[in-house]
Structure formats: C-alpha cells, structure tokens
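Here is a short tour of one model, meant to be read with the structure open beside you. Please bring up the view and follow along.

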Amino acid sequence: MIDVSLLGWLLVTLTSPLSLVLLLVALGSVAYIGVTALEAAPRQRGARAIGTGAAACALAAGMVGLRVGVGAGAALPTAAVGIAAAAAIGATAACAWTFGARGAAALGAARARRSAAALRAGDERRRLLAASRRAYDEGEDLAAETAAADAAVARLRAAVGALDDARAALEAKRGGAQDGPGPPQRPEASAMAEDLARACDEAALKLSMGQRVLAAAEAAALRVACNAPLRRLLRRRPREATQALATLGAGALAPAAASIEAFLGEVRAARAEVVAIAEQRASGAPGAVDSAPGAPGEDDATGPEAAEGPAALALRELAAMESAYGALLDRLRLAELHASTRASVEQVESAAGALSTTARAAAIDPAAIGALVTEIAHAESAVAAAAPEAGGSRALAEALAAGSAALDRSDATSLSELIAALRELR
C-alpha cells in the first residue's frame, strides 16, 4: 500500500507499485496532450508564462508537502510524482489560458457581430420609418389612391364603350333585317327577329346602367382627386408649432408664425391644385364640369350641382382652413408686437431702475451737510473770536439756528444757500 499525501492530508492510496507507474503515466499523458494542444493552437500571449508559473508553484508545493510512500525509499517516487504533476498542472493551466482567451475572443466577436447587426437593423427600421413618415406627409398613398381611381374609371369607360359598340352592332343588324326585301318571313325568321329585338333592348338597358355607373365613378374619382390636397394638408398641418405655443409661451411666437405662414402657402397651392384638377377633368368627366366652379373669385357656378360639387366643397374647406390659420397668424404677429413692446418697456424700466439706484447712491446725506455746516460755524466762530465785530455773534447764532432748524425739518434749503448766508455775516 502506497499512501500519497499533501501537507499531511491523504489524497489517495495506491494498492501496488503498478498503480504508481500508472499514475505517473497518466500525469505524463496529461502533460503531453497539453503541450501538443498548445503547439497546434495559435500562440496566445501570456500562455507560456502562466504555464511555467503554475508548474513552478506546483513543483515547489510538491517538494514541500508531497509524500509518496513512507520511509527512506519515498524520496524517488515523491520526486517523480511531483515533477509529473507539476508538468501536467503547467500544461493544463497554459491550455486553459489559451483556449479560454480564444473562447472569450470568440464570444466577444459574436457579441460585436450581434450588436452591429442590431444597430444595422435599428438603422434600417429608422430609415424605413422615416421614409414611411415622409411618404405619409407627402401624400404618396393619396396619389396612389387617385391613380387607382383614375385607372378604374378608365377601365369602366372602356367597358361602357365596348357595350355601346355592341349595342350599335345589334341595332345595325336589326335595322338590316327589317329593311331588307325578301320572301314572306317564316316562323324561324320571326323568332330570330324577336330575339334580336330583345337583345337590342337588353343592350340598351345595360348601356344605360353602365353610363350611370360611369358617371357615378367619374364623380367619385373627381371627389377623390379633389380631396387629396385637403387630406394631405390635414397631415402636414403645423401641429408642433401650435403645441409649442401652449407649452413654451412667448419664446415660440416667431417659429410658430414662420411655420403657419409656410403652411398658408401650401394651402394656397392646394387651392390652385384643386382648381387645376377640376378644369382638367371638366372636358372628360360630365360631373367635373359642375365641380370646377366654386373657387373664390369665380362666378361660373350656375346650379345646385356646381355649388355642391367635389371641387367646390374642397375649395370651401381650404378657404375655411386658410381663414382660420390666417387669423391665427395675425394674432401671432400682434402677440409678437406686444412682446417686443413689453421687452422695450422692460429695457426702459431696467435703465430707469439702474439710474434710480445710482441717483440714490449719489444723494447727499443730510447728516454730512449738518456736519459741514457745523464745521463752518465753528470756523466762523473762531474767526469772530479772533476779530470780534459788533453784533456779529448774534447774527451768526441766528443763521446757525435757522440752518439747523431747516435741516431738522428736511426743508429744501441747499448747502449753497447756507454757506452764502454764513458768508454774508462776515
């Protein structure tokens, strides 16, 4: 029995020397596989140093605390197992560092690819969203609806034309059968004439219905075309500007006025577009002839159909929109003038306040005036004492009393008047 212990802790008990040999072979195999894997893998910075350090630490620990067997014969197997274990641990540590670093790099690269793909997908979504929003604001779907309606009307007009041609052919055949000379009609010919007449009547009925449907379709297409500019304007209305007025106050007056003024230009362009659509379709669509009038300044409308046509209704809506936003623009201009006036008044008040503060700071202190008068009075008294004059002291006392009383009452007696009075006493 061979005991293998480390620092006094029993690790494993080998049953025979063959087991010790197998342990050495296993540790050597691990070291060999690790070294072979390191040679096959790309070189990783720091792997050699980590493997060498781990092997050195394991060898030092084995020399200090590893014991294989007991007695005097334990030194050789202990050294062999320690060296084999150190080599295996070093190779394992180097492999773990190399392949762990490669795995971390692969994970980082995959994460970077996923992040880049997510960023590209986000950019693509934002681009598509911006394109969709731009197409929505520009009314591309409305233009597609108008084009689809025109295409449907064109197909319906072609079908009605084909039906008219068929009816004309039936009528021509019916007229030829009735006018042509010949023997007395047989019963078969009489039945055929009846069938032909019935077919002509059915074709005429279908043609009448088709013409009614065509007229309704043309009116609907005209309504779609005339309402497209109005629907586009409803999408492009300056809602941000009006919302900014409610939240930002006076600071948003100028940008809001500019946005509304630009929108009013679009409204006028839409009115011109509606008039052009009505005039363009007036010749080809029977219902469009009565729809073109109704624009401001035109007096061609002569009936209720013209007054209620799609173009007239769209023009009235556009006129109402222009009137509303025009009134709002006028109010904004007036508010800008008020804000400018208020700013000017505030500037005047600020300048006046600064001047008032300066004036208050530069005001003469009555106490200082009193001290000055007192000093002058003392000086005059000294002069009078040095060269007394008859009645001078009495006049001086009266002048000083008057000056002191005036200062006590805060009268508007100026310093120059007091000094002048004192000078007259000399």
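How do the axes of helix 1 and helix 3 come together, and at what angle do they cross? The axes of helix 1 (residues 17-40) and helix 3 come within 8 Å and cross at roughly 30°; axes here are lines fitted to C-alpha atoms, for helices over the stretch in contact (heavy atoms within 4.5 Å), with angles from 0 to 180 degrees between N-to-C directions. Helix 1 and helix 3 are therefore roughly parallel to each other (angles under 35 degrees).

A word on reading this model: it is predicted, with local features needing pLDDT of at least 70 and side-chain atom pairs counting only at pLDDT 80 or more, while totals for chains, interfaces and linings use all residues. Residues are numbered from 1 along each chain as its sequence is written, and side-chain values use heavy atoms, leaving out hydrogens and water.

Confidence comes next, as pLDDT, the predictor's value for each residue from 0 to 100.

| Part | Mean pLDDT |
|---|---|
| Protein chain | 75 |
| Helix 3 (residues 75-138), highest among the elements | 88 |
| Helix 8 (residues 304-307), lowest among the elements | 46 |

Over residues 285-305, pLDDT stays under 50. Where pLDDT is low, the predicted coordinates should not be read in detail.

Back at helix 3, its 64 residues should span 94 Å at 1.5 Å a residue, and the end C-alpha atoms are 92 Å apart, which agrees. Just after helix 3, Gly 139 has a positive phi of about 80°.

Finally, Arg 331 sits in helix 9 (residues 310-361).

Technical notes. Helices (H or I, at least four residues) and strands (E, at least two) are DSSP runs, numbered from the N terminus. The expected span of a helix is 1.5 Å times one less than its number of residues. Angles under 35 degrees count as roughly parallel, over 145 as roughly antiparallel, 65 to 115 as roughly perpendicular and the rest as oblique.
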